Amino acid sequence: MLMPHPAVLRGLLEEYEAAAASEPADATGAPGPRTRDLAYTLCVSTGTRDVARALEAARLQLTAAAAQTAKAVEAARTPMPTKAGATAETRPSAKAPAKAPTPMPAAAAD
């Protein structure tokens, strides 16, 4: 299943909650048109058929995405281990210029 980007999902969730709280119900007492549209979009985005399940799934996906981001940030902050006896001069530098590619020999003329 395709998963929406966390920022898109967060925006949908916030917009739905705001519409549900502020949009007046229609003549039959059902949610207004914007709320219904957002509920449908949340259901499609989360692969559900019920808005309550869509809201739950969206919150779970956002929680998982936040945990994954926190894990990636922590991994990026952790220094990489070096070989015993390595010095700053012998370790590869992230700022070292890349080697230029070796030119290909010219093709022989037929």
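At what angle do helix 2 and helix 3 pack, and how far apart are their axes? Keep that in mind while you set up the view.

**Before you start**

This is a predicted model, where local features need pLDDT of at least 70, side-chain atom pairs count only at pLDDT 80 or more, and totals for chains, interfaces and linings use all residues. Residues are numbered from 1 along each chain as its sequence is written, and side-chain values use heavy atoms, with hydrogens and water left out.

**Stop 1: the whole protein**

Show the cartoon. The protein has three helices and zero strands. Its pattern along the sequence is α-α-α. Helices (H or I, at least four residues) and strands (E, at least two) are DSSP runs, numbered from the N terminus. Of the 110 residues, 19% are buried, meaning under 20% relative accessible area with a 1.4 Å probe, protein chains only. Among contacts with a separation of 6 or more, 48% join residues 24 or more positions apart. Contact means heavy atoms within 4.5 Å.

**Stop 2: helix 2 on helix 3**

Select residues 33–46, helix 2, and residues 51–77, helix 3. Here is the opening answer: they pack at about 55°, with axes 9 Å apart. Axes are lines fitted to C-alpha atoms, for helices over the stretch in contact, and angles run from 0 to 180 degrees between N-to-C directions. That angle makes helix 2 oblique to helix 3. Angles under 35 degrees count as roughly parallel, over 145 as roughly antiparallel, 65 to 115 as roughly perpendicular and the rest as oblique. The crossing is left-handed: the near helix is turned anticlockwise from the far one by less than a right angle.

Now show side chains. Helix 2 brings A39, L42, C43 and T46; helix 3 brings V51, A54, L55, A57, A58 and Q61.

**Stop 3: T46**

Zoom in on T46, in helix 2. Is T46 buried or exposed? T46 is buried, at a relative accessible area of 5%. The side chains of T46 and T48 make a polar contact at 3.0 Å. Such a contact is a pair of N or O atoms within 3.5 Å; within protein, one must be able to donate a hydrogen and the other to accept it, and residues adjacent in sequence count only if both atoms are side-chain atoms.

**Stop 4: helix 1 on helix 3**

Select residues 6–22, helix 1. Helix 1 packs on helix 3 at about 140°, with axes 10 Å apart. Helix 1 is therefore oblique to helix 3. This crossing is left-handed. Pick out the contact residues, including L9, L13 and Y16 of helix 1 and L55, A58 and L62 of helix 3.

Definitions and conventions:
Buried means under 20% relative accessible area, exposed over 50%, partly exposed in between (1.4 Å probe, protein chains only).
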